[in-house]
Amino acid sequence: MEIPAIVGGGLVVIGAGIGIGRIGGSALEAMARQPELTGKIQTVMLIAAALIEGIGFAALFAL
Amino acid sequence: MNIKTIIFTIVISVFSSLNVLAEQHMSDGDKDIKTEIKETIAHHLMDSHDFVLTHDLSFPLPIILYTDGNLDIFSSANFHHGTTSHTVNGRTYSLDHGHIVEASGLHPVDFSITKNVTFIMIVFLIMLVMFTRMAKSYKKNALPSGMGRLLEPIVLYIRDDIAIPNIGEKHYKKYMSYLLTVFFFIWIINLFGLTPLGVNVTNNIAVTFSLALITYVLTTVSANKSYWGHIFWMPGVPVPMKFILAPIELLGTIIKPFSLMIRLYANITAGHVVLMSILGMIFIFKGWVGSSLSFGLAFALSLLELLVAALQAYIFTMLSALYFGAAVEDYHHE
């Protein structure tokens, strides 16, 4: 595999990591503000994380 | 330090230390260990024409080929694990890295019952047994017993938290059977992919393609006028923008099921490849520290794969419900 492909793959993983990290962070903050909505917030967080991970994997497999 | 802790410690240390006795079987002479690991991984992830449980216990599966108007059916035991070729009615077939090639250049269409097809049928039987038991246990009283007790919270969760919020009260019943089938099918198959049987059905992009295709066909067939109106002539935007948005929205209807296919395939395949590479590392480090740490990492990763198996089934079902809901929703124009 050539160097540009490897660098591109690393950038995709950085993007996915930042995205999922931000979602996790805001989910935690919201759960701390309103503990009674923990179930719903958890569900939505997992859905958004899976979508971002989907883009990450699609880019990695297209290398 | 009670007896449970002691037993647990002994079991874990026995499992971690047996790794140092790992030897590799250099079957082809001078091959480098890394190449051999790569070949073993590729062999495990591919579909195969016979069902191999251990090295001595294997079932040959039937091969059904359609070449130029002639149907050839024979058992894959004739191939002897890829070493010999088989001639029937003048056409010679041989196995080349899992593909069937014909000697004189004809292209056979492969309808064989391979390992993946066999496993899909086995999962179909498992699901049939599970759900008929559950339905029967409702006959006597409203509270289920047996298999119904295990499945009822999951079925109710799919109905109350996936189907009704996304599709709405009026139309959700038509889609419940598909959503339940897809959820349990993907979950059971992902779980079986983690066992040492070596079956990985969702590893095959054709399987996930079929599931995404069914979702796409269901959304297109059951879409009402406001859905198509939103795609081709989006209300609420100025006219030049409508012409720009129409092809993008049309492409979006295809890309959404396409992303369903890629997401499931890539998650499961990546998990399996990483897990098997880490298991291969046990053979590369032949000392105490490296092998035990690789085993521990493989164990932890397998636990994560359990979560991914259930999560991917849930995500597929939820996104399918979302697309169905968008297709049948009654949009109120202001």
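Trainee: Why is A:L51 called partly exposed?

Mentor: A:L51 has 17 other C-beta atoms within 10 Å. A residue is buried if 20 or more other C-beta atoms lie within 10 Å of its own, exposed if 12 or fewer, and partly exposed in between, the C-beta atoms being placed from the backbone, so with 17 of them A:L51 is partly exposed. Bear in mind that this is a predicted model, in which local features need pLDDT of at least 70 and side-chain atom pairs count only at pLDDT 80 or more, whereas totals for chains, interfaces and linings use all residues. Residues are numbered from 1 along each chain as its sequence is written, and chains are lettered from A and ligands numbered from 1 in the order in which they are written.

Trainee: Where is A:L51 found?

Mentor: A:L51 belongs to helix 2 of chain A, a helix being a DSSP run of H or I with at least four residues and a strand a run of E with at least two, each numbered from the N terminus. From A:L51 to A:P35, which is 16 residues away in sequence, the C-alpha to C-alpha distance is 25 Å.

Trainee: What makes helix 1 of chain A roughly antiparallel, rather than roughly parallel, to helix 2 of chain A?

Mentor: The axes of helix 1 (residues 3-33) and helix 2 (residues 38-61) of chain A come within 9 Å and cross at roughly 175°. Here axes are lines fitted to C-alpha atoms, for helices over the stretch in contact, and angles run from 0 to 180 degrees between N-to-C directions. Angles under 35 degrees count as roughly parallel, over 145 as roughly antiparallel, 65 to 115 as roughly perpendicular and the rest as oblique, which is why helix 1 of chain A is roughly antiparallel to helix 2 of chain A. Among the residues that meet are A:G9, A:V12 and A:A16 of helix 1 of chain A, and A:I52, A:E53 and A:L60 of helix 2 of chain A; two residues are in contact if their C-beta atoms, placed from the backbone, lie within 7 Å.

Trainee: How many residues of that contact between helix 1 and helix 2 of chain A are nonpolar, polar and charged?

Mentor: The division is 16 nonpolar, five polar and one charged, where Ala, Val, Leu, Ile, Met, Phe, Trp, Tyr, Cys and Pro count as nonpolar, Asp, Glu, Lys and Arg as charged, and the others, Gly among them, as polar.

Trainee: What makes helix 2 of chain A roughly perpendicular to helix 9 of chain B?

Mentor: Their axes come within 10 Å and cross at roughly 95°, an angle that makes helix 2 of chain A roughly perpendicular to helix 9 of chain B. A:L46, A:I47 and A:A50 make this contact from helix 2 of chain A, and B:L311, B:I315 and B:M318 from helix 9 of chain B, a set that divides into six nonpolar, no polar and no charged. For the two chains taken whole, seven residues of chain A are in contact with nine of chain B, and the chain A side divides into six nonpolar, one polar and no charged.

Trainee: Why are the buried residues of helix 6 of chain B said to lie on the same side?

Mentor: The buried residues are B:V207, B:T208, B:L211, B:A212, B:T215 and B:T219. They cover an arc of only 130° around the axis, which puts them on the same side of helix 6 of chain B, the arc being that of the directions from the helix axis to the C-beta atoms. They pack against helix 3 (115-136), helix 5 (172-193), helix 8 (239-284) and helix 9 (288-328) of chain B, whereas the exposed B:A206, B:S210, B:V217 and B:V221 are carried by the face turned away from the buried side.

Trainee: Is B:I254 buried or exposed?

Mentor: With 10 other C-beta atoms within 10 Å, B:I254 is exposed. This residue lies in helix 8 of chain B, and its C-alpha atom is 9.7 Å from that of B:L213, 41 residues apart along the chain.

Trainee: Why does B:F119 count as partly exposed?

Mentor: B:F119 has 19 C-beta neighbours inside 10 Å, and therefore counts as partly exposed. B:F119 sits in helix 3 of chain B and, leaving aside residues up to four places away in sequence, touches B:V199 and B:V201.
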